Amino acid sequence: MAAELHVELVAADRQVWSGEATLVVARTTSGDIGVMPGHQPLLGVLESGPVTIRTSTPEGAGTVVVAVHGGFISFADNKLSLLAEIAELADEIDAQRAERALERAKSDSDAAAERRADVRLRAVAVR
Amino acid sequence: MGAQLRVYKRRIKSVTATKKITKAMEMIAASRIVKAQRQVAASTPYATELTRAVTAVATGSNTKHPLTTEAESPVRAAVLLITSDRGLAGGYSANAIKAAEQLTARLKAEGKEVDSYIVGRKGVSYYGFRERKVTESWTGFTDSPTYADAKKVAGPLIAAVQQDTAEGGVDELHIVFTEFISMLTQTPVQNRLLPLSLETATAEENGAKTEILPLFDFEPSAEDVLDALLPRYVESRIYNALLQAAASKHAATRRAMKSATDNAGELIKSLSRLANAARQAEITQEISEIVGGASALADATAGSDK
């Protein structure tokens, strides 16, 4: 079995996901970064966007995609923490609602809402 | 029914109605405490991880950041006071305000100007009544604060800290809120949030922090990470304070309403004793009147028979 790292994904008001993973891909302000077990201790600032977590369960490999709205990634002692003010699992996101929100944000020219909806849609697309 | 008895009956009725209300408020507050406590627990992982990250950057790099470095001669301090919007919570708001007053007096004695930031209508009206200057205030969310509320509060505070002192910025940021220790104990506490003293941040992690933090790789750089991290840290601390204050407020309300219900029960008991005494007195009087009347009548007929 491949080596694993422990992932804790926490939003400001709840713990979103936690479990074992073999690879985590996230986008920091200076580019995409992939973290595998045994990575050097790392602390980075995340861009809003989808984060992909490759999990390995006895039944086989799976993928968890999360829409992260700003936040941090920190890795030390084979433990990876993803901190985000808002984080949503891609499975929880209602694509149609996000699309409607995007339309509405565009017509209201609400940049923040538009970005939020865009992040959600991108996470759904990765899934 | 005699006048006295009627007055007692009326008072018993009104006290019973009040008792019903306070009983309901007590139960509502009790259910809200549990909810608020759960929220505090849910926000803890984020706060813990964030504190860990801040400690890692601050100890793992020699970065000097305005939010972590102590000013040489601090001239202005911001005090954030968290009270509630609504009363009926015993001494809850008064105690928090008293703690803030003490802190303000201490800071002034140290020769610092104090900017007041207030959350909750009770605090705002206290300062408004005394015509004290309030730099900024927020109301309307003290019962169940969200993270967005905490962000709203933190925004101007962080901006004030980052501003130059000469242009009206502040050197220190203090927060006064009521800490939820248990269902029965809530105490107002004063914390210095900024500049960050790493000893306190470390001590809070009670032992979990004894591990030696590894050398981190910073992405993009230690300064940038700290820039992004510290405002989030302040937000999360304020969020935690708001949640604890909300839980404390509900606990204080529950206790105040419980004693109000108990007092109403006592009052009803003593009033019904008085009402019973009044009724008995009335009956006794009626009997003696009838007996007196009957014997007077008997005396009169006995006399006419002769």
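User: In what order do the elements of chain A run from the N terminus on?
Analyst: This is a predicted model, and in it chain A reads β-β-β-β-β-β-β-β-β-α-α from the N terminus on.

User: How many helices and strands is that for chain A?
Analyst: Chain A has two helices and nine strands.

User: Does the radius of gyration of chain A agree with a compact globule, or disagree?
Analyst: It agrees, because a compact globule of 127 residues would come out near 14 Å and chain A has 15 Å. The C-alpha trace of chain A spans about 50 × 30 × 25 Å along its principal axes.

User: What share of chain A is buried?
Analyst: Buried residues are 35% of the 127 in chain A. As for contacts in chain A with a separation of 6 or more, 53% of them are between residues 24 or more positions apart.

User: I've clicked on Arg116(A). Where is that found?
Analyst: Arg116(A) sits in helix α2 of chain A, residues 111-126.

User: Buried or exposed, that Arg116(A)?
Analyst: Buried. Arg116(A) has 20 other C-beta atoms within 10 Å, and 20 or more is what it takes to be called buried.

User: OK, over to chain B. What does its secondary structure come to?
Analyst: Six helices and six strands. Along the sequence of chain B the pattern is α-β-α-β-α-β-α-β-β-α-β-α.

User: How does the radius of gyration of chain B sit against a compact globule?
Analyst: Chain B has 31 Å, whereas a compact globule of 306 residues would have a value near 19 Å. Along the principal axes, the C-alpha trace of chain B spans about 125 × 40 × 30 Å.

User: What about burial in chain B?
Analyst: Of the 306 residues in chain B, 33% are buried. Looking at chain B contacts with a separation of 6 or more, 78% link residues 24 or more positions apart.

User: What's the strand order in the open sheet of chain B?
Analyst: The five strands go β3-β2-β1-β4-β5, with mixed pairing. β3 (136-138) and β5 (186-194) of chain B are at the edges with a single partner strand each, so each has one side left without a neighbour in the sheet. On average, neighbouring strands of this sheet are turned by 20° against each other, direction ignored.

User: How many bridges join β4(B) to β5(B)?
Analyst: Eight, and β4 (residues 172-180) and β5 of chain B run antiparallel. Within that pairing, Glu179(B) is opposite Thr187(B) in β5(B).

User: Which strands does helix α2 of chain B lie across?
Analyst: Helix α2(B), residues 92-109, lies across β1 (76-82), β2 (113-119), β4 and β5 of chain B, and runs at about 155° to β4(B). Helix α3(B), residues 121-129, also belongs in this picture: it lies across β1, β2 and β3 of chain B, at about 135° to β2(B).

User: Switching to the interface: how many residues does the contact take from each chain?
Analyst: 23 from chain A and 23 from chain B. On the side of chain A that touches chain B, β1 (5-11), β2 (14-28), β4 (42-46), β7 (71-76) and β8 (79-84) each supply at least two residues.

User: What ipTM and pTM does the predictor give the complex?
Analyst: An ipTM of 0.75 and a pTM of 0.82.

User: Where in chain B is confidence lowest?
Analyst: Helix α5(B), residues 198-204, with a mean of 50, while α3(B) is highest at 92. Over residues 200-210 of chain B the pLDDT stays under 50, and the model has nine contacts beyond four places in sequence for that stretch. For chain B overall, the average pLDDT is 85 and 91% of the residues score at least 70.

Methods. Residues are numbered from 1 along each chain as its sequence is written. Chains are lettered from A and ligands numbered from 1 in the order in which they are written. This is a predicted model: local features need pLDDT of at least 70, side-chain atom pairs count only at pLDDT 80 or more; totals for chains, interfaces and linings use all residues. Helices (H or I, at least four residues) and strands (E, at least two) are DSSP runs, numbered from the N terminus. The radius of gyration is taken over C-alpha atoms; the globule rule is 2.2 Å times the number of residues to the power 0.38. A residue is buried if 20 or more other C-beta atoms lie within 10 Å of its own, exposed if 12 or fewer, and partly exposed in between; C-beta atoms are placed from the backbone. Two residues are in contact if their C-beta atoms, placed from the backbone, lie within 7 Å. Two strands pair if DSSP finds at least two bridges between them. Axes are lines fitted to C-alpha atoms, for helices over the stretch in contact, and angles run from 0 to 180 degrees between N-to-C directions. pLDDT is the predictor's confidence in each residue, from 0 to 100.
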